Amino acid sequence: MTTTRHPALTTTLWFAAILLLLPVLATFLNSIATGWTGGILPSGLSLDAYQTILLDARFQSALLRSTIVAGLALFLACLLIVPAVIAAHFYWPTLDTWMARLVILPYAVPTIILMVGYLRVFSAPPLQLGGQPIVLVLTYVPLCFPMFYINVKNSLQALDTTELFEAGRLLGISDARLLRRVILPSIFPGIALAIVLNFAGLMSEFVYARMLVGGQFETLQMYMFAQRDLSGRLSSVIVTVYFLITLLITFAAFRLVWRTETKS
Amino acid sequence: MTYLDLSAIGLRYGDNVILDGIDLSVEQGEMHVLLGPSGCGKTTLLRSIAGLVQPDRGAIHLAGRAIEMLHPKDRGIGMVFQHYALFPNMTVRQNLAFGLEQRRLVRKVIDEKIDAVLEIVSLQNKADARPRQLSGGQKQRVALARALVLEPSLLLLDEPLSALDAQIRKRLRDELKRIQRRTGLTSILVTHDQDEALSLGDRISVMNNGRITQTASGPEIFYRPADLFVAKFIGNANILTAAEFSRLIGRDFDQTAIIHPHVFKIGKASEGSNLFEVAATVVETVAAGNVVRYVMQANGIMFNVEAQSAMNEECLAAGTGTTLSINPSNGHFLKEN
Ligand SMILES: Nc1ncnc2c1ncn2[C@@H]1O[C@H](COP(=O)(O)OP(=O)(O)O)[C@@H](O)[C@H]1O
Ligand SMILES: [Mg+2]
C-alpha cells in the first residue's frame, strides 16, 4: 500500500486527535493536581489521590466486580452469539435477516422499557433470580449482541466464503476443518474488536447495574457515583484508572490479533 | 482420444434452465476455452464438472472413468476460482500445503512439491507472503499453483484474468499458456473476452443461454461462425443481411454475409478477376497505429473497413470517394431463416 502525503489532511487529523484527547488530559491533570483554582495550570502535582483510591478496598472490589461481570458476559456472548451469527450466515438466511433487524433493538427501545422487561423476566420462573449479580451478566449478554453481530458479519462478508468452501472441497478439506483453520482465524480480528468495544461499554454501564441489582453489588460506575460528592480529584482518578484499563485491554486485544495474524 | 467427455448435461434452478443439454469433448493436453456472455452458464458448467453442483442429468467421463457421482475431491480436478479464493490467514506456502496435508504426505515430500510448483509459477520468493501482500497477478498465480500442486488430471479456470488490469492481463495470459504447455495439463478456461479466447484456446466452445452453439478452432470460429450469435460475439465483422449485401454489390444474393473489415481492399480489382467492385465514400477515419479504421458508405449501406497504414502514406480523409474490391471467397455466408 502507498501512503500519499496531504499536509492539510495531516494537520486536521492531528488537530482532531488533540481535541479529542484534551478532556482526557485535563482529567488526568486534575487527578494529579494538588490545587487548581484561578489559573490555566494547577499549582502543584502529586500522586496522593491515586494512592487513596487504589488502596481503597471498596474501589478494589468495585473494580473486580465490574471486571468479572463484564468478563463473564463477554465470555457467554462469545460462546452464544458468535456461533449463532456464523451459523445464520451460512445456513439460515431468514434467521440472519431477523438478526440484522434485532441489531437496532437495544438502541431503538428506550432503556426503561427494556429494564421493566428484564425485571419481569427475572422475577418469575424459570429465571427467578431477582437482584442476584448473575442477572447483570445475563442482561449484558444481549446488550453485547449488536456489536458482535456487526463485527462478525462484516468480517464474514469481507471473505468470499462460498468460494473458500468450494476451494476447500476440491482440495479435500472438510467444511468443519475449513471453518476452524480459515474462517474463524480470518474473522478473529472482528471478534476481538467486538470484545474490546463491548468491554469498554460494560465497564461504564450504570443504569442496569443500579436498577437490576442495586446497592449490595457495587460496580465501578456505582462506586464513582457514590464518590461524586467527595472531590473532583478523586473522581478524576477513577476516570483515569478506568480509561487506562480500557486502553490496556485494547492494546492486549490488538497484540493478540497481531500475533495470530503473523503466526497462523 | 477424448479425455473429458460431457454428454447431455442439464441443470435448472426452479423454472430457469441454466444448462440445456451440454455435450463437450476435450482432448488430452488441450486448452479448451468456454466463451460466452455473462450469465450464459459458464461458471455453472465448470462447477458441475468439478462436482460443486450436481446437474439434474447427463454424464461426465474423465480419463475413461465416470465421475458424475464422485465427491469433488475424488475427481482429480483442480480449479482456479474467479476471485482466487486464497485462504487469507495463511501464507502462500500454507495455502499450497493445506490440500497436500489432507493426503497424509511426508513433510519433506510436501515441501518439495510446493517448491517445484512455485518455480513453475515464478513465485519462489513469495512463499512466506500472505495473500493481502500480493498483487492481483501474484494472487492469481498462487491460486493456479494451489490447483497444480495436487497434480490434477483436469484443470478448470474460471475467468482467471478478468479481475486484473489490461497490462498484467496480457502478460499473465502468455504465462498461463506457457505453463499449460509445460505441464501438458488438460484445461478448460472460461472467459467472456474474445481476444483471450482466441489467443489461448486450442479449441473454443461458444456458449449462449446454457447451450454450446459452436466448438471449433480459433480461426474457424473467427472466420466461419456457425450462426449469427457467434458472428456477433466474435470479432467486429460486418454482418449484412441478404438484402443489404445485394444492394452493396448491386446483384441478387440470398444469404447473410459476414465480411471482416480487412476483407475490403481499397483500390480497383485487377483486370479480369471475379472480384466485386464498389464505389464508396469515407464517412469517418480513425488512424490507430498500424491500422486505419474507416466507416464507409456505398449504395446507402454503412460498413467498417480496415487497412494497414504505412509510414509515408496519407490515409483517406472523410468525404473522399474511393473504390473497394471484395473477394467473396474471403467472406462467410449464412443461410437466412
Ligand atoms: N445458485 C443459483 N441459484 C439460482 N440461479 C443461479 C444460481 N447460480 C447461478 N444461477 C443463474 O444461472 C445463470 C448462469 O450463471 P453463471 O453460470 O454464473 O453464468 P456465467 O458464469 O456464464 O456468467 C445466471 O442467470 C444465474 O443467475
Ligand atoms: Mg461466471
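1. In this predicted model, residues 1-234 of chain B form a span that is 36% helix and 27% strand, with its end C-alpha atoms lying 28 Å apart. The UniProt annotation "domain: ABC transporter", which comes from an unreviewed entry, covers residues 1-234 of chain B.

2. Turning to the interface, 22 residues of chain A are in contact with 27 residues of chain B. The size of an interface is often expressed as the accessible area that is lost when the parts come together; for chain B and chain A the buried area is about 2,100 Å², and carbon and sulfur atoms give 59% of that area.

3. As for charged pairs, the rule finds 1 salt bridge across the interface of chain B and chain A. The salt bridge joins E166(A) to R47(B), and the closest N and O atoms of these residues are 2.2 Å apart.

4. On the side of chain B that touches chain A, at least two residues are supplied by each of α1 (42-50), β6 (77-80) and α2 (92-102) of chain B. The element that gives the most to this side is α2(B), with 5 residues. Sorted by class, the side of chain B that touches chain A has 14 nonpolar, 7 polar and 6 charged residues.

Definitions and conventions. Residues numbered from 1 in each chain as written. Chains lettered and ligands numbered in written order. Predicted model: local features only at pLDDT ≥ 70, side-chain atom pairs only at ≥ 80, totals over all residues. Heavy atoms only, no water. Contact = heavy atoms within 4.5 Å. Buried area = accessible area lost by both parts, 1.4 Å probe. Salt bridge = Lys/Arg side-chain N within 4 Å of Asp/Glu carboxyl O. Helix = DSSP H or I, 4+ residues; strand = E, 2+ residues; numbered from the N terminus. Nonpolar A, V, L, I, M, F, W, Y, C, P; charged D, E, K, R; others polar. UniProt positions renumbered as here; feature names shortened; annotations may be inferred.
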